[in-house]
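Here is a short report on one protein chain. It starts with the whole chain and then turns to two residues.

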Amino acid sequence: MKQLLLLPVFLTVMATWAQAQDFPQLAQDQGLHRTLAEAAMEFTTYQPFPALRFGLPTASFDPDLLMTDSTKFYDWNGTDWDLTINATYNNDCAASELIEIIHKRLDPASGQYLNSTREEYTWHSNGLLHTYISNVFDADLNDWRGTFYLGALPSGKQYEGWQKSWDSANNKYTSGSRFLDTYNSDGNIVKSENFELDSPTNTWKVIDRQANTFGTGNLIQQAYREIFDDAAGTLVYDWRSFYTYDASNLLQQILTEDYDLATGTWATDERKLNTYDAQGNLLVVLVQNFESAAWQDRSRVTYTYDASGNRLTDLRESYDAASGQLLPKDRFTHTYNGQDLLVLTVQERYEAGTWKNLIKTEYTYHPNEETERKSQYRWYEAPSLWVEYQRTENDPLGNQLLVISKSGYNESNNTFSSGYKSTYFFDSTSQQGEYTIFDLVPGTLDAWKFSERSVETRENEFQTLEWVHQLWDMGTNNWINDTKKHFFNTGCLFNETQEKASDPPHCAYANPVTAGQNIQCPALANRAGLAIRIHCLTGETAFSGPFADGGEILPPQGLPNGCYVLSLWDGGQLLYRNKIVVVDGCR
């Protein structure tokens, strides 16, 4: 069965960052890529999994799962819920793909729900995301304006992304940024460009470009960076790097040169030298600057390993101008368990001729070797103890259950001034989950007070039915409703024409309804060949039959209490669809 995957954007970003660290020059100017990826997490509202798992969907739906067809957003008015936003999902049922989400926000003046935002999706044939675009609606122009775009290859690698700010008062884009990456047939980035928006012309102006060349074994050989020079009115060289390898294709050296625009010549600037042991483990990384026609050491990292190849120590040295030599700065010591899993890292700092504790990180694991807990401690000299300031805990599947972060430690009384804690749990039996945020009680070490929470109800293991966000009222010591988001997951009717909701509705009835009570659809009276379908929210068909010529629907007397989806069809075309509640069976 094809799995529904959700690739968090931050993982993609971190993978890019990690790759860049192998070649320091490649790490420059990745800020735009990170900014766009983080923005994607804010723009997208598609959440087939719990809201804690942010990110754009990167695979089409599993046809065995229900597909969300709408969501409704509510605000609490003190006594009841007010519907503020109505979101409609447009799904390609035959392909099991999400195509579009349109949000309509309540206009208090007219009492109507007006277009607000629209998200559009396209997919590759392998089920991975191809394009995503977010739009805002401009009422004056009666049209949509794109504000965010992301494009990805069938491999999942992002090749283009942009974000723009739309000024509806002046009918123009005021600012924007964009990246554009070009890949070779082996999936390597051969050109990466960053742009900024020129608002008066609404065109993209390139601000920097990096070009990479690759050789045998897909090893990078050269990298050039250009930046836009306002005086020259064009891109000019900034730096270039050359990479050399040993016979085992291990990186030996990165030589970097800077471009002198005034003379039009290249000048040697820096080099990074790597040394390895016989097993290919990196032993030494030495960074040197070229000054006064000679190489000057600037930093050095030395590594040691155990017999299994686990890294045991990292010794980091930096150049000291007073002594004219490299001096110790930081030392990291790593400890492993019998399964070669990292259980402890201690960071020390060299001060006044001695090593002093700084940071300690501890790890524990589940039997399947997923990280169970990661705790970070800071060393304080006065009380001479390790104090925990950050902790995360995960379940055996890697889902985050707990996050703690504290700051402002007072050594004299062993307390913190601020902090937060978030917890998440899910009961698979009741299909209920809760995400709660606590604030640290100032002046304590580990005393917490409620701040806010989101209570989740799921329809099944994968799909959320409802999120209710609540705030803690210190006066009454109770939870107060704030906002609510309800998902309607009706499932796709496969091998049918793509659904298109009707507007305005064709039917009128009391809701809840009573089994056997008439539902009036006068606009469809005298329409021959129409069919009625009533589905449970599990996707099962509760009733199907022909539509009466008189424009009335009579739900079967034996229909159990609960929530259902009523739809009217003309062959493969959907004419009308809405939720009905029989008696009080729905929450």
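The chain's secondary structure comes to two helices and 34 strands. The model is predicted. Of the 587 residues in the chain, 42% are buried. The accessible surface comes to about 29,600 Å². Carbon and sulfur atoms hold 49% of that surface. Among contacts in the chain with a separation of 6 or more, 38% are between residues 24 or more positions apart.

Now the two residues. N135 lies in strand 5, which spans residues 129–138. N135 has a relative accessible area of 5%, so it counts as buried; the cut-off for buried is under 20%. With E120, the side chain of N135 makes a polar contact of 2.9 Å.

T304 sits in strand 16, residues 294–305. T304 is partly exposed because its relative accessibility is 34%, and that class runs between 20% and 50%. Setting aside neighbours within four places in sequence, T304 is in contact with N310, R311, L312 and T313. The side chains of T304 and T313 are joined by a polar contact of 2.4 Å. L283 is 21 residues from T304 along the chain, and their C-alpha atoms are 6.7 Å apart.

| Side-chain pair | Polar contact |
|---|---|
| N135 and E120 | N135–E120: 2.9 Å |
| T304 and T313 | T304–T313: 2.4 Å |

Definitions and conventions. Residues numbered from 1 in each chain as written. Predicted model: local features only at pLDDT ≥ 70, side-chain atom pairs only at ≥ 80, totals over all residues. Heavy atoms only, no water. Helix = DSSP H or I, 4+ residues; strand = E, 2+ residues; numbered from the N terminus. Buried < 20%, exposed > 50% of the residue type's maximum accessible area, 1.4 Å probe, protein only. Contact = heavy atoms within 4.5 Å. Polar contact = N/O pair within 3.5 Å; in protein donor to acceptor, adjacent residues only side chain to side chain. Areas by Shrake-Rupley, 256 points an atom, 1.4 Å probe, with all protein chains shown as cover.
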